Amino acid sequence: MAGGEDPPSELTDMTDSMRGVMGLDGDVDKLAAFYDGWAAAYDEDVGTHGYGMPATVVATMLAAIAADPRLASLADRSVRVLDAGCGTGQVGRCLVDAGYRNLRGVDLSPEMVNVAAALGIYRSLRGGVDLTAPVDDELAAAADIVTVGGVFTVGHVPPEALATMAGLVRPGGLLVVSTRKAYHEQTDYRRVSARLVADGRLDLIHHVEDGPYTMDSTGDYWAYRVNERDS
């Protein structure tokens, strides 16, 4: 951890891989290499760790759609869903379980994407996608729903990436984000989120506090309607 600080107490009950990735301080090249090396064992590691994040992301998404009449069209299971930071496809599998089949996925790690591809649930997948970088033309405003599970966590992306990820959603669409407990305690994610809401870029439709994440940690879940940029 930066500054030689002791790791948060919630890190002490993790696998070595889970602890290690949180100490990379958001370095894109190191994160990509780490996840490439972890891809084959990832599902086993997190699957034995009470991993409630994927299902809770999708539950938050469904609750937001039910809560806001402006989002009613997103109950149509044929809408375009982008699983941003798709990893090995754990959120994707929960989306399929909920009936959503028009799935695309992007991730920083090509090897994680290769594992996700073997599931056969995504229409397209791209590795090597840095979610902190400006959105390219292929992905800009190209999805009706974007899920971002497990990305806003210690050692990964800064809170400011929330605005970048909003750029993946068409105006009027839905952005669903998880934040691990340590992340929203140690960063200014809440301030960044509140500013985007105050500026009219996002409407916060549904917020789950201290929801299931891993065996050792809870997380918050945020569902935003993405508005026109000039609203």
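## Buried residues and the model

A residue counts as buried when its relative accessible area is under 20%. Tyr189 has a relative accessible area of 0%, so this residue is buried. The structure discussed in this report is a predicted model.

## Aromatic pairs

A pair of aromatic rings is described by the distance of the centres and the angle of the planes. The count for this model comes to eleven aromatic pairs.

One of these pairs is formed by Tyr51 and Tyr213, with 6.4 Å centre to centre and 80° between the planes. The arrangement of Tyr51 and Tyr213 is edge-to-face. Tyr51 lies in the loop between α2 (28–47) and α3 (53–67), while Tyr213 belongs to strand β6 (residues 202–214), so their pair ties together parts that are 162 residues apart in sequence. Tyr51 is buried at 18% relative accessibility, because the cut-off is under 20%. Tyr213 is likewise buried, with a relative accessible area of 4%.

## The pair of Phe152 and Tyr189

How are the rings of Phe152 and Tyr189 arranged, stacked or edge-to-face? Their centres are 5.5 Å apart and their planes stand at 65°; because an angle over 60 degrees counts as edge-to-face, the pair is placed in that class.

This pair links distant parts of the chain, 37 residues apart. Phe152 is in strand β4 (residues 143–152), and Tyr189 is in helix α8 (residues 189–198). Phe152 has 0% relative accessibility and counts as buried.

## A cluster of rings

Which residues do ring pairs link into a cluster? The members are Phe34, Tyr35, Trp38 and Tyr42.

Methods. Residues numbered from 1 in each chain as written. Predicted model: local features only at pLDDT ≥ 70, side-chain atom pairs only at ≥ 80, totals over all residues. Heavy atoms only, no water. Phe/Tyr/Trp six-rings, centres within 6.5 Å; stacked < 30°, edge-to-face > 60°. Helix = DSSP H or I, 4+ residues; strand = E, 2+ residues; numbered from the N terminus. Buried < 20%, exposed > 50% of the residue type's maximum accessible area, 1.4 Å probe, protein only.
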